[in-house]
Amino acid sequence: MKILLTRLGSLLLLLCMTVVVSTAQKSISGTVMDAESNEALIGANILVKDSSAGTITDIDGNYTLDLPAGSNTIIVSYTGYSDQTVTVGDRSVVNVALAVGQQLDEVVVVGYGSQSEKEITSSVVKVSREDFNQGAIADPAQLLQGKVAGLQVYNRGGDPNSQSTIRLRGISTVGANVQPLVVVDGVIGASLENVDPNDIESVNVLKDGSAAAIYGSRGSSGVIIVTTKKGSAGSNQGVKLSYSGQFATSSPVNGIKNMTADEFRAAGGTDLGSSTDWIDEVTQNGFTQVHGISATGGFDKSSFRVSANLRNVDGILKNSGFDQFNTRLNFTTRALDDKLKISFNTSYTDRDQQNGFNEALRYAVLYNPTAPVLGADSPFPFNADQFGGYFETLGLFDSFNPVSLIEQNINNGDRTEFNYGANLDYSVSDALTVSLRIAQQKTDYANRIYYPTTSLFNGNATSPTRKGLAEFYEQNTTFKLYEGYATYLTSVGESNDLTLTGGYSYQQNNFDDSFFSVGDFPNDDYIFADILEASQDLQNAGFIGANSNRSPDEKIIAFFGRANFTLDNKIFLNASIRREGSTKLGPENRWGWFPALGVGVDLNQYLDIAGVDQLKVRLGYGVTGALPGPSGLSQELRQVNNEVGTGAVSTTLLRAANDSLKWEQKAETNLGVEFASGRFGATLDLYNRDISDFILERTVDVAVFGVDRRFENAGRLNTKGLELALNYDAVQSENFTWNTGVVLSTYKTILEEYVLDAETTANLGAPGQNGTEVIRVKVGEEIGQIWGPVYDGVDAEGNPIFQDVNGDGMLVTGQDKALDPDVDFAVLGNGTPDLELGWTNQLQVGKWNINAFFRGAFGHSLVNTFRAFYEPQVSTQSSYNFMNTDLAVDGLTTARFSSLYVEKGDFFKLDNLTISRGFDIGGSAFENVQFSLILQNPLVFTSYTGTDPEPSLVDSGPADNGSRDPNYADVLAPGLDRRNSYFASRSITLGVNLNF
């Protein structure tokens, strides 16, 4: 910290020394905007006529320029826009609006700065708000779903309280850093949950290693840079208000085909006399409303945008959803003769969420359809009061009334998040800019679960003594960021430009959490989560659960530098280096180097091919790292033992230390080709990356280390992939335009080294299949292999017949033999798609705008766990419902996993259809009004019979008898459609936007 303060002090001293230097030059400032949309143009050129003096606009479209003595005219230019010559006169603020010409290039935000698109040598994609997915979207990641080749965004089932799984070019580690780094308005590691989708202006995705290396250890899984909306400076801007409202209704898309009550009776199921559609009982048509209002303005040298957003979201599962309030302020001003630009942004989010119980959906599928909801309707004498008036099928394993589960129990959370960031950019000269950034983020989350004394599900309603349970969890995290860097622009010769960037970064993360549980309540007259003193566990402390954790100061300190060189406006070079240290690693290996190098050539500048506007080839190489999630993995771990009766305290060694624990490392090479000709454009990327030195807990020699466990670096993955983006303006006429674009991606990941030659994972769970692990992880093979016997029919006793896969005349299909050389198992599918695509169609018909977005994934398989457990009509399970798909086999009465329950998950869907029309209302307070109709997930084409055909990229683990580990996440086991999955939904949204 002392080093940080010294460096910050030096930079501030430099600012103070510079401002006292007087100049006879006249200084002007202003904003360069698009004449039609009033959007800021980033990187526009401002040159003094008949002089070499000039500058470019920053990320907000603002500039400051010193006019040489005697000069009074500037020339403003921007690629794709017509140049404009402006006489300054006696003005100090000169705003310029450029008219659109032929747009072939734009400026893209990258790490610690921005670049003209033509100069970029790495794989970077910009998605503007016009291209975002539309509708009542609560998770900002879903704005990008299907829009960027290689970027996977999946939220299977669409639980409103779960965040999307995001992968960029597949898995980048088997540890904690599997999701891309998020950077919001320059703040590294900012929370995407604290950004309302209404406030996002654009998103840039840094896909390859050469682009992400400038972020070091935190960029290994790629980088998503979010730019929020801002105001524009100008004395005549005034204040503009806008309102957006959305009203949506969603309904479940039930992919589960189970038996009706009548079908269940006919199949020999236990008849309890009623007919209940349990899925219908626990689901609903969810209603969502979104209200957002913003004020944008500018005066003189300052600009601002302030917004507030309210979201009320109901899930399709009853008692699931959230209420959220979010507000954000962006403010920019200039001082010290316009040399100092001050930018400040802050946001606050308050979210109350009903987490509900996803288990209710699982039990709605398997619960006896002839059972009544209420105990009063029981066909036999039943003490309904004991269970809060609900019916329960007592004596069965993993059987709970789903309506009782969801209506009696409470699972609520509250999250507040506050962050701020302040940037100071000082123009020492037209060539040199010094920047300081300070940011902080604080997140508090509290969750409360309460099971009353009448709840059979975790409430012990059948216990003669100890009934009811209350659980409390709290987590607090803080993140601090301090950065200082300088940017120097110069020309080398007539048409060669050099940009140098160098700086320092300090990041610190802290968290603490606590858990407390207590039960044994006297009755169900109150919610005893609010009256804990009534718990009789307080007289028997052995039943009280309590634990807490607190992290040390998790620090990352880095020094970085980058050079961008443009040669003759045809050849582009980029080189960067980052030296970074982390407290999470062993003392011998805390520091690492992360270099990157890229080169690009616009070949058409040399070939001059007729009709071709651009033919650019680029090659990039970069090294990034990955850190473990928890702190202290390099240190020994001990368990505290409290001896009962004596009060003596001792410790036991559980894990040995490893002072040499180091970074996971990813080295990636990317070859890209960009082509543009008239209305057609294409980008192709081929990449190869090696990921090594996973941080894994391994079995070690007790004689050497004193214990059999410690964390070590081991393993190696290789991923090869291809990404293609195509865009074509198919029709351009006065009353009809049609633009269509397709993004495609494919990749394959091979495990080249590991701690074992092979292992199986992804246990199916109970009842009856606890020893069944369906994913094989094997050196030399692709990640995501679904592994098991091959179904070949059913015998007279109702048992499945399996193939003799290896043809040796012996059938070896026991799960305990899954890795034996002579086992008759085969690869039954893979959980990772072979091909993913997004297809965008933007049409303008008169004053109507239509956007139809299609998305698909092909080549992946899913283990349908509902079918694996409940499709065979097992005689001992006649009190559970059966699956009723077209794939069911008559006469099969034994539940054993095989290829029968592995289905292709291929799908192609109309993901989003938006129809909108704007109206100019003359003589009213409104500038314009726009109405829209949005359909989300209206059409899905798939043969999959489960809840959702979208890929399951991470396994959440087994769930049985009301128990599951919420922290379980296995990235090496894609491809399981677990029984606790949230159902998919489709929605209709009506939207209105008012500008006044």
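Here, rings of Phe, Tyr and Trp (its six-membered ring) count as a pair if their centres lie within 6.5 Å. Keep in mind that this is a predicted model. Searching the whole structure that way turns up 28 aromatic pairs.

Start by selecting F382 and F387. Their ring centres are 5.5 Å apart and the planes meet at 25 degrees, so this pair is stacked; the cut-off for stacking is under 30 degrees. Both F382 and F387 are buried.

Next, pick F675 and F680. Here the centres are 6.2 Å apart with the planes at 55 degrees, so call this pair tilted. How exposed is F675? F675 has 27% relative accessibility, so it counts as partly exposed. F680 is partly exposed too, at 32%.

For a group of rings, select F357, Y363, F400, Y451 and F457: together they form one aromatic cluster.

Now for charges over rings. Show R169 and Y687: the charged end of R169 sits over the Y687 ring, 4.0 Å from its centre. Then jump to R351, which lies over the face of F322 at 3.6 Å from the ring centre.

Last stop, the strands. Select 554-567 (β27) and 571-582 (β28), which pair antiparallel over twelve bridges. They make a hairpin with three residues between them, and D568 in the turn has a positive phi of about 55 degrees. Along this pairing, F565 has L573 of β28 as its bridge partner.

Definitions and conventions. Residues numbered from 1 in each chain as written. Predicted model: local features only at pLDDT ≥ 70, side-chain atom pairs only at ≥ 80, totals over all residues. Heavy atoms only, no water. Phe/Tyr/Trp six-rings, centres within 6.5 Å; stacked < 30°, edge-to-face > 60°. Buried < 20%, exposed > 50% of the residue type's maximum accessible area, 1.4 Å probe, protein only. Lys NZ or Arg CZ within 6 Å of the ring centre and 35° of its normal. Pairing = 2+ DSSP bridges. Helix = DSSP H or I, 4+ residues; strand = E, 2+ residues; numbered from the N terminus.
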